[in-house]
Amino acid sequence: MKGLFCRAGERDAEHKFVIQDTTLPDVLGTHQVRVQVKACGLNPLDFKLLSDMGIQRDLIPVGREVAGVVLQGQTHNDSFSLVLHDGSQRIHVINVQKPEKLSSVCVAGALRDGLCAYTALHTHARMAAGHTLLVMDGASSFGLMCIQLACYHGVKVLTTSHSPQTHTFLEKLRPSVARVISMANGSLDLLPVVLEETGGLGVDIVIDSGVRLQEEDESEEIKLLPHKHDIISVLGVGGHWVTCNQELQLDPPDCRLLHLKSACLSFLNPEVWTASSAQQGRYLHILKDIVEKMSAGILRPQPEEAVPRYEATVAMETVQHQQKKKAVVQL
């Protein structure tokens with residue numbers, strides 16, 4: 001059997017992605033299953049996380065959002081699976097019969113974003129009907145999941161766009177968002193529009209897709225991101241900021257403003273559910289709920305164009321380099 005692996009180097013620049021043969025055991029253990037993979041989602045590898053956890057291997061398996069047919073280990077059916085972050089052969093199998101309207105490619109490409117949106121809104125922000133939410137870069141696959149999940153639970157949603165095309169796309173969403181704020185010229189309009197939409201109170205929840213830490217000497221792509229002070233400014237009293245930036249730095253004035261608002265900050269780590277065995281039951285329940293919501297049309301992910309297996313190395317290199325991009329390999 002062939003698999004996609006990362007050949008680890010001493011520095012990030014030396015990491016290479018390769019397809020090579022791998023051997024699986026003929027006899028399965030008590031808690032193992034054998035899955036015939038139909039589609040696999042590719043997301044960036046967090047080498048710092050692997051290093052912090054003491055995981056050091058010459059070859060690191062790549063691709064963990066997996067849709068396929070369970071052949072051995074339990075009832076044979078179409079299932080959706082997520083491989084543990086330690087790169088072992090262990091997988092979590094969601095016991096959901098594959099809905100006919102959902103393709104394997106769709107689920108493999110959307111499962112991680114759905115998990116992140118669920119974690120950000122339910123686990124961290126304690127979302128409730130009547131709250132006001134600001135989703136940065138709502139046209140991204142993660143942002144779109146956040147918008148749809150929040151609208152389903154009766155939350156008023158504001159979001160931002162980075163181009164005229166994404167602005168039009170977001171304005172045509174159904175269920176509709178309350179306001180789309182253009183970030184094409186930076187974040188100058190962000191605070192006044194948010195205050196206008198919330199009666200001067202600010203939002204209850206902000207979910208970012210990256211944060212600008214400095215004002216100058218930054219690329220055009222970075223300049224489209226909100227500054228950390230902008231995020232804190234739009235928060236209301238008792239608000240909750242969920243950030244995707246693992247290297248966020250807050251200065252004393254930033255902390256002071258958060259303190260005055262009695263606001264809180266959470267870091268969104270997609271791998272957190274597999275960090276503790278005590279969370280496994282809840283984790284599987286979340287994954288099952290995401291698949292059911294996609295099947296019911298509540299969550300409608302952006303379709304990913306699948307690539308064949310022989311293009312997997314090139315696709316993974318692009319994903320790793322651009323970070324926010326993703327790919328799906330169809331087998």
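Select P175 to begin the tour: this residue is placed in the loop between α4 and β10. In general, most peptide bonds are trans, and most residues other than glycine have a negative phi.

The model is predicted, so local features need pLDDT of at least 70 and side-chain atom pairs count only at pLDDT 80 or more, whereas totals for chains, interfaces and linings use all residues. Residues are numbered from 1 along each chain as its sequence is written, and side-chain values use heavy atoms, with hydrogens and water left out.

Next, select R126, in the loop between α2 and β8 (132–135). R126 is not a glycine, yet its phi is positive, at about 50 degrees.

Now select β9 (residues 156–161) and β10 (residues 179–182), which pair in the parallel sense over four bridges. Two strands count as paired if DSSP finds at least two bridges between them. Within this pair, L158 stands opposite R179 in β10. Follow the chain from β9 through helix α4 (residues 164–171) to β10: this β-α-β crossover is right-handed. The term means that, with the strands pointing away from the viewer, the path from the first strand over the helix to the second runs clockwise.

**Antiparallel strands**

Strands of a sheet pair through backbone hydrogen bonds, either parallel or antiparallel. Select β1 (residues 2–7), which runs antiparallel to β2 and is joined to β2 by six bridges. Here R7 stands opposite K16 in β2.

Move to β3 (residues 34–42), which is joined by seven bridges to the antiparallel strand β5 (residues 65–72). C40 stands opposite V66 in β5. Four bridges also join β3 to β15 (residues 327–330), again antiparallel, and G41 stands opposite V328 in β15.

**A cavity between domains**

A search of the whole structure finds four cavities of 30 Å³ or more. On a 1 Å grid over the protein atoms alone, a cavity is a set of points where a 1.4 Å probe fits but cannot get out, and lining residues have an atom within 4 Å of a point. Grid points are joined across faces, edges and corners, and a volume is the space filled by probe spheres set on the points.

The second largest cavity has a volume of about 90 Å³. Select G109, A110, S141, P301 and Q302, the closest to its centre of the 15 residues that line this cavity. Helix α2 (104–124) and helix α3 (141–152) each supply at least two lining residues; α2 gives the most, with five. Domain 1 (2–111 + 292–330) and domain 2 (129–267) both contribute to the lining, so the second largest cavity lies between them. The domain bounds come from an automatic or database domain assignment.

Notes
On a 1 Å grid over the protein atoms alone, a cavity is a set of points where a 1.4 Å probe fits but cannot get out, and a pocket is an open set with protein on both sides within 12 Å along at least five of seven lines; lining residues have an atom within 4 Å of a point.
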